[in-house]
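Morning, everyone. Please look at the chain on the screen, and we will go through it together.

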Amino acid sequence: MAASAPPPPPLDILVRGPEGFSLWNGPPFSNNGQPGIKLEHKIACSTTKFSDDGSRLMVLKPDSVITIYDCRSYTEIRSFQVPNLTAAALSPRGTFLQTFQKSSTPQNKNVTLWNVDTGEPAYDQFQKSITKTNWPSVRFSSDEAVACKLATNEIQFFDAADFSKGVTNRLRVPGVAAIELSKAPGSHVAAFVPESKGIPASVQIFATRKDLQSQPVARRSFFRCSSVQLNWNNGSTGLLVVAQSDVDKTNQSYYGESKLNYLTTDGTHEGLVPLRKEGPVHDVQWSYSGSEFAVVYGFMPSKTTVFDKKCNPLLELGTGPYNTIRWNPKGKFLCLAGFGNLPGDMAFWDYIEKKQLGTTKAELSVTSEWSPDGRYFMTATTAPRLQVDNGIKIFHHNGSLFFKKMFDKLFQADWKPESPDRFSDISELVKSFESIKVDDAKPQGEKSKSSQTSAKASPNNPPAQKPAAYRPPHAKQAAVVQAELFGGTTSEAMSKNALRNKKKREKQKEKKATEDS
């Protein structure tokens with residue numbers, strides 16, 4: 001008899017406010033539709049952060065005290081007292097704690113890598129300052145097998161199992177200003193070199209193995225580029241590069257211009273991603289499988305397209321007031337959203353079935369993310385970004401509201417990380433969801449089912465089979481593009497004038513063919 005699969009891990013939610021932090025039991029909630037409190041600490045803390053694998057939790061408390069908790073038992077592993085602490089970060093598996101202290105002289109090594117289990121420093125160095133591009137100083141792959149750091153004109157590599165050896169390898173890259181190590185596996189590292197003395201900026205990909213570093217495996221140069229965003233896929237085979245410039249020479253955007261480039265580690269592709277609309281790249285995200293990526297781009301209303309690993313468009317999601325995309329960890333569902341300076345519209349899509357599941361709104365959202373099992377989507381309005389209307393909303397995969405809670409002040413709301421592989425297939429989760437009556441536990445502020453149905457049937461909220469919730473006058477050819485991607489006819493979506501012109505062209509062809517014969 002085959003062994004039964006282990007039960008999936010519970011979903012947990014980390015919530016931090018002015019009084020301290022707490023850990024909630026995630027959905028589905030068994031306590032009359034309300035979350036249970038698994039862990040609660042009534043002490044003010046400036047930062048709470050899980051390790052990438054969810055095994056450990058870091059808490060920054062007053063007086064420069066850092067406490068690390070074991071997320072299996074939620075007991076304290078160790079506390080570190082680090083004077084003049086400015087920043088701290090956990091390694092992906094929680095083995096190491098990295099701290100940055102204010103320092104006035106290079107003789108004082110102010111960056112320390114601590115071994116969490118022993119409490120002893122494994123490595124230290126001096127660093128003048130920290131920015132988003134150079135912190136954490138030491139970068140790890142997801143399995144912590146590879147470790148490297150950015151240095152002046154070079155990338156330095158370490159033996160992650162024994163930092164006492166110091167730097168074991170130096171990869172010289174003149175002018176390098178930012179690096180991104182691939183996570184799973186840590187087989188490659190991307191290096192960004194900005195423009196200098198008429199030489200264009202460039203991104204190069206190198207292997208992390210010393211014997212394979214003689215030449216970059218891929219390289220791409222950019223003109224008018226002041227900064228980049230580097231996004232590796234799972235599998236470390238593809239790198240998306242959003243190249244940004246501070247000035248848009250066409251004067252179409254106050255915020256400069258951006259281009260999306262794609263490089264592969266096997267050298268099969270090095271170039272621009274063929275986007276079908278002019279304007280900035282708002283957001284880009286890889287699927288969990290690493291086989292496709294989705295891009296939100298163009299002047300408002302923006303356009304969204306899903307591409308495969310060869311940059312071929314797979315699915316058009318129409319246009320709308322969106323600047324954010326979140327891909328469900330199981331790869332089945334997508335959420336398009338318009339946050340920040342946009343009104344908070346959200347559209348939920350089934351990528352496998354290629355249809356829209358529903359639309360809703362989450363105004364003033366600051367953070368948003370799918371649950372690790374891919375079944376729920378959580379948004380949060382947090383301080384200090386917004387000082388009013390702080391709260392948490394949790395939606396089902398189709399956009400219906402599941403839970404809502406408001407706070408006087410909320411600083412943080414995050415899912416506890418878990419590997420999506422530990423959860424059952426998403427189709428089974430969907431079946432279990434459909435068997436639940438939503439009316440049995442209607443959350444506060446949720447519309448009635450009848451009003452939701454009427455809203456979905458209205459012209460402003462098209463039914464699921466229509467791909468675009470909003471089509472502006474200058475984008476009437478969107479249906480034609482979708483027909484090219486999906487197959488089938490476009491006559492139903494064409495305007496009367498377009499049909500009339502099409503018939504005229506067909507008659508002219510028939511007349512010409514008759515005359516030629």
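**Confidence first**

pLDDT is the predictor's confidence in each residue, from 0 to 100. A contact means heavy atoms within 4.5 Å. Residues 480-493 also fall below 50, with 20 contacts beyond near neighbours in sequence. Where pLDDT is low, the predicted coordinates should not be read in detail. Across the chain, mean pLDDT is 83, and 83% of residues reach 70 or more.

Some ground rules. This is a predicted model, where local features need pLDDT of at least 70, side-chain atom pairs count only at pLDDT 80 or more, and totals for chains, interfaces and linings use all residues. Residues are numbered from 1 along each chain as its sequence is written, and side-chain values use heavy atoms, leaving out hydrogens and water.

Now the whole chain. It has four helices and 36 strands. These are DSSP runs, numbered from the N terminus: helices are H or I, at least four residues, and strands are E, at least two. Of the 517 residues, 48% are buried. Buried means under 20% relative accessible area, exposed over 50%, partly exposed in between, with a 1.4 Å probe and protein chains only.

Let's zoom in on one residue. Where is C71 found? In the loop between β6 (65-70) and β7 (75-81). Is C71 buried or exposed? C71 counts as buried, because its relative accessibility is 6%. Leaving out residues up to four places away in sequence, C71 touches F50, G54, S55, R56, L57 and K416. Take G54: C71 is 17 residues from G54 in sequence, and their C-alphas are 7.0 Å apart.
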